[in-house]
Amino acid sequence: MENKLHVKFKYVYYHTWCDLINSAKKGEIDIVFAAQKTPSRLNYLHFTDTVLIQQNMVLENINAKKINSIKELFGKKVAVTKGSAISEYLQAKYPQIRLIQTHSELEALKLLNSKKVSAAIAETVRANYYIQKHNLNDIFPAFNLNYNYYLKIATNIKEPVLNIIISKALNSIPQDKMKALKLKWGYIKEKIVIFDKKTMIFIALLFTIIIAFLIYLHTINRKLKREILKKEQALKRLKRLRDSKLNQINQAISIIAHQWKQPLSTLKALNELLIKEYKLGKLDEKALKQYETNSKKQIEYMINTINDFKEIFKIKENKKTFNLKEIIDLAIDECQAELQKSNIKIKLNTRNITLKGYPNTLKQLLINLISNAKDALNQKNPKNKEIKISLKQDDFITIEIEDNAGGIPIEIIDKIFEPYFTTKKEGTGLGLYMTKIILEEKMNATIDVENTKKGAKFTIKIKPRSEE
Ligand SMILES: Nc1ncnc2c1ncn2[C@@H]1O[C@H](COP(=O)(O)OP(=O)(O)O)[C@@H](O)[C@H]1O
Ligand SMILES: [Mg+2]
């Protein structure tokens, strides 16, 4: 203002607002830089436009009963600065309030802090400042009084030109400059927010509840995710199991269809021939006998195929604990007649080993291998035909079946586990193929073959205590 007007102001300081206003009334000062326009002041002051808006607030003592409205102050002691605009306003509007006039806002606040009055009324920003500076910790805001200070620059009424000069100077200050000046004084609304203890406790509680709830949600969510994952994995396992089962059935049907094609068409032709010859009267005893042997052979071949396949479906057998040595003995027992006929000796080197699995199926697989060895021995007919069977356990349980029939020709050794591969006239070529599938898929085991000095050696390795 001084810069704008090129004049120097002389500042007069007063101890209290009351002294200042009294001095202005007497015409001892020319300008009051921030004053509220009140009816009584208009008698001795002129006012410019508003330069600053301040809020007035009713403050209460936290240890007293909560005050919610102005009416609750009727008949009560309320401290307010003597000569202030708010004091004038309250006297006129609410004469029921017992106003205690103090010399300053600080004095009013101190009275409230020591509970000598029920409430105090002060401007918000200044109250906040005093409360912090003087540790008036029992004072809390009750509510905003709907009476704001629209502070203007007041000038002595006896010097009307002063008002015109100051107003002009004010209007020449740009809006943003004014705003910046107000900010410098600390009049930012956000800064004035004061929470009382109860609100703070409430907010803290609310926060705790929200955080607890979020943690709860998070845990539930994680639990659900884990369960979903588990279910998905179980479903996948089930699907794999079903797929492999379907695969097996598919394979079985296509293999049977393949195996039966030939004998079925032979049987069909035989049948047609039989009827034709009968109609022609050519069917004699000898011809009929020939038909019978011929068709019997075909049918037997078909039965053989089915018997081979029964093993796959026998896996419905329940899992049980059994002694492997006993199963080997049983398999040998079942082959005994055939072996004796072929003059084959069995050399055993076994021990007691218990295992959980499908003993009957395993027995059939062993019979298969023994029968293959028998076929090879009968074909090659070496001296002292023998089959060595041994059983031992280290990391794996190992069963070895070795013959002395000279082994498998190197050109075909890679093919013997393939379906239909056979070198025998009446062979199906399915025995080793199925043995391998059942061992791998149902018993968590493997089968391999190698040629030794004497003959072929088949090795089965089973993972002990494996869960299938
Ligand atoms: N111990 C063995 N010694 C020599 N060759 C064998 C032996 N075991 C199997 N083989 C060969 O493997 C082929 C396939 O055997 P397998 O699958 O049981 O069918 P199949 O017995 O019906 O021929 C046999 O035809 C044979 O050539
Ligand atoms: Mg065979």
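Biologist: Over which residues does pLDDT stay under 50?

Modeller: pLDDT is the predictor's confidence in each residue, from 0 to 100. In this predicted model, local features need pLDDT of at least 70 and side-chain atom pairs count only at pLDDT 80 or more, whereas totals for chains, interfaces and linings use all residues. Residues are numbered from 1 along each chain as its sequence is written, while chains are lettered from A and ligands numbered from 1 in the order in which they are written. The stretch that stays under 50 is 188-193. For residues 188-193 the model has five contacts beyond four places in sequence, a contact being a pair of residues whose C-beta atoms, placed from the backbone, lie within 7 Å. Where pLDDT is low, the predicted coordinates should not be read in detail.

Biologist: What is the mean pLDDT of the protein?

Modeller: The mean is 87, and 93% of the residues reach 70 or more.

Biologist: How many helices and strands does the protein have?

Modeller: Helices (H or I, at least four residues) and strands (E, at least two) are DSSP runs, numbered from the N terminus. The protein has 12 helices and 13 strands. Its radius of gyration, taken over C-alpha atoms, is to be set against the globule rule, 2.2 Å times the number of residues to the power 0.38. The radius of gyration is 56 Å, well over the 23 Å from the rule for 468 residues, so the protein is more spread out than a compact globule. Along the principal axes, the C-alpha atoms fill a box of roughly 155 × 60 × 50 Å.

Biologist: In what order do the six strands of the open sheet lie?

Modeller: Two strands pair if DSSP finds at least two bridges between them. Here the order is β1-β6-β2-β5-β3-β4, with mixed pairing. β1 (31-36) and β4 (98-102) are the edge strands, each pairing on one side only. Between β2 (residues 45-61) and β6 (residues 139-156), 14 bridges are formed in the antiparallel sense. Along this pair, H46 stands opposite T155 and N61 opposite I139. β1 and β6 are likewise antiparallel, over four bridges, and Q36 faces L151 in β6.

Biologist: Which strands does helix α6 touch?

Modeller: For such angles, axes are lines fitted to C-alpha atoms, for helices over the stretch in contact, and the angles run from 0 to 180 degrees between N-to-C directions. Helix α6 (residues 160-171) packs on the sheet, touching β1, β2 and β6, and its direction makes about 75 degrees with that of β2.

Biologist: What is the order of the five strands in the other open sheet?

Modeller: That order is β8-β10-β11-β13-β12, and the pairing is mixed. From one strand to the next, the twist averages 15 degrees. β8 and β10 run parallel, joined by five bridges, and N349 has S390 as its bridge partner in β10. Helix α11 packs on this sheet against β10, β11 and β13, at about 20 degrees to β11. Helix α12 lies across β12 and β13, running at about 140 degrees to β12.

Biologist: Which residues touch the most other members of the largest nonpolar core?

Modeller: A residue is buried if 20 or more other C-beta atoms lie within 10 Å of its own, exposed if 12 or fewer, and partly exposed in between. A nonpolar core is a set of buried Ala, Val, Leu, Ile, Met, Phe, Trp, Tyr and Cys residues joined through C-beta atoms within 7 Å. In the largest core, of 33 residues, these are L366, L369, I370, A373 and I401. Helix α11 gives the most to this core, with eight residues. Beyond its neighbours within four places in sequence, L369 is in contact with I401, T435 and F458. A second, separate core of 28 residues includes L59, I86, I97 and A127.

Biologist: Where does N135 lie, and is N135 exposed or buried?

Modeller: N135 lies in the loop between α5 (124-133) and β6, and its phi is near 50 degrees, a positive value in a residue other than glycine. N135 counts as exposed because it has 9 C-beta neighbours inside 10 Å. Y420, in the loop between β11 and α12, also has a positive phi, near 70 degrees. With 13 C-beta neighbours inside 10 Å, Y420 counts as partly exposed.

Terms used: Contact = placed C-beta atoms within 7 Å.
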